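Subject: Structure handover

Dear colleague,

Here is the structure you asked for. My notes on it follow below.

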Amino acid sequence: MTRLLIILVFLIPGNSAKNKLKEFNVNLDSIVEEFKMNIMDRDHCMRLKRDASVLAREVKKYVKATPDLNADMKEEFLEIAKKGTALKVYISCLRDTGMYITSLKQFNYANSFIYGDLEYMHKAQYCTEVLILNIDEFVAYIVKNPESKGFMIRYSWKKPHEIGGGTITLPVYEESVQILFDNQMHPERTEVELFNIICTPFPDY
């Protein structure tokens with residue numbers, strides 16, 4: 001009798017969907033925690049980026065294949081898909097070696113559940129918003145552009161108390177974030193000096 005009741009419980013669509021929702025949430029939390037624990041390992045992060053993308057696709061596929069979901073539960077599933085996509089974008093911004101346009105909206109959304117520590121770096125001093133992001137031992141300097149128009153940013157940098165540094169020019173697109181510097185190569189170097197920051201708006205065509 002007990003065995004029959006267990007079978008009936010799992011045959012009820014609502015319970016099946018709740019179990020699937022729990023499974024997807026566990027998978028998402030696992031990717032987030034693994035990313036935070038292994039953020040200095042770029043190759044590992046690239047695998048997690050793919051995992052986040054796959055999770056988002058799987059959730060959407062499940063929702064499409066389960067038309068009897070009620071509106072509230074459907075929204076919960078789609079929220080997980082949204083988080084998976086934002087997490088993929090977030091990892092791309094911080095850990096990928098390629099150049100990507102990172103949506104400010106998705107970056108902020110992902111950071112809201114990753115809990116990266118963001119602080120402004122002399123906000124009024126520069127031509128744009130420069131922030132420092134800390135996640136465990138990882139430190140990144142990020143430029144944030146909330147405006148509807150992009151610009152080229154040119155900046156010089158050096159590490160405190162060291163000879164050297166350089167000057168870099170990067171595009172910063174509208175409503176996006178761009179990483180300027182991180183401590184990947186030398187984890188013990190958590191500080192960098194940025195100066196001579198110049199923003200040149202993209203021309204109107």
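Which residue caps the N-terminal end of H5? Serine 103 does, with a side-chain oxygen 3.3 Å from the backbone nitrogen of lysine 105. A polar contact here is a pair of N or O atoms within 3.5 Å; within protein, one must be able to donate a hydrogen and the other to accept it, and residues adjacent in sequence count only if both atoms are side-chain atoms.

Before the rest, a note on the model and the numbering. This is a predicted model, in which local features need pLDDT of at least 70 and side-chain atom pairs count only at pLDDT 80 or more, while totals for chains, interfaces and linings use all residues. Residues are numbered from 1 along each chain as its sequence is written, and side-chain values use heavy atoms, with hydrogens and water left out.

Overall layout

The protein chain has five helices and eight strands. Helices (H or I, at least four residues) and strands (E, at least two) are DSSP runs, numbered from the N terminus. In order from the N terminus, the elements read α-α-α-α-β-α-β-β-β-β-β-β-β. Of the 205 residues in the protein chain, 42% are buried; buried means under 20% relative accessible area, exposed over 50% and partly exposed in between (1.4 Å probe, protein chains only). Among contacts (heavy atoms within 4.5 Å) between residues at least 6 apart in sequence, 64% join residues at least 24 apart.

Strands

Five strands make an open sheet in the order E1-E7-E4-E3-E2, with antiparallel pairing. Two strands pair if DSSP finds at least two bridges between them. Strand E1 (102-103) and strand E2 (117-120) are at the edges with a single partner strand each, so one side of each has no neighbour in the sheet.

E7 (residues 176-182) is joined to E4 (residues 138-145) by six bridges. Aspartate 182 in E7 is the bridge partner of alanine 140, and serine 176 in E7 is that of asparagine 145. E7 is also joined to E1, by two antiparallel bridges, and there valine 177 of E7 stands opposite threonine 102. Six of the seven residues of E7 are buried.

E5 (residues 151-158) pairs with E6 (residues 166-172) in the antiparallel sense over seven bridges, with serine 156 opposite threonine 167 in E6. E5 also pairs with E8 (residues 193-201), antiparallel and over seven bridges; lysine 158 has glutamate 193 in E8 as its bridge partner.

Aromatic residues

The structure holds nine aromatic pairs. Rings of Phe, Tyr and Trp (its six-membered ring) pair if their centres lie within 6.5 Å; planes under 30 degrees apart count as stacked, over 60 as edge-to-face and the rest as tilted. One of the pairs is phenylalanine 24 with phenylalanine 77, edge-to-face at 6.1 Å centre to centre and 80° between the planes. This pair links distant parts of the chain, since phenylalanine 24 is in helix H2 (residues 13-37) and phenylalanine 77 in helix H4 (residues 71-95), 53 residues apart. Both phenylalanine 24 and phenylalanine 77 are buried. Phe24, Tyr62 and Phe77 form one aromatic cluster.

In tyrosine 109 and phenylalanine 113 the ring centres are 5.7 Å apart and the planes at 75°, so this pair is edge-to-face. The two are about one helical turn apart, because they are four residues apart in helix H5 (residues 104-114). The charged end of lysine 82 sits over the ring of tyrosine 109, 4.6 Å from its centre, and lysine 83 lies over the face of phenylalanine 113, 5.3 Å from the ring centre. A charge sits over a ring if NZ of Lys or CZ of Arg is within 6 Å of the ring centre and within 35 degrees of the ring normal.

Cores and the end of H5

A nonpolar core is a set of buried Ala, Val, Leu, Ile, Met, Phe, Trp, Tyr and Cys residues joined through side-chain atoms within 4.5 Å. The largest one has 41 residues, of which Phe35, Phe77, Leu87, Tyr90, Leu94 and Ile114 touch the most other members. H4 gives the largest share of this core, ten residues. A second, separate core of 18 residues includes Ile132, Ile153, Val172 and Ile197.

Just after H5, tyrosine 115 takes a positive phi of about 65°.

Regards
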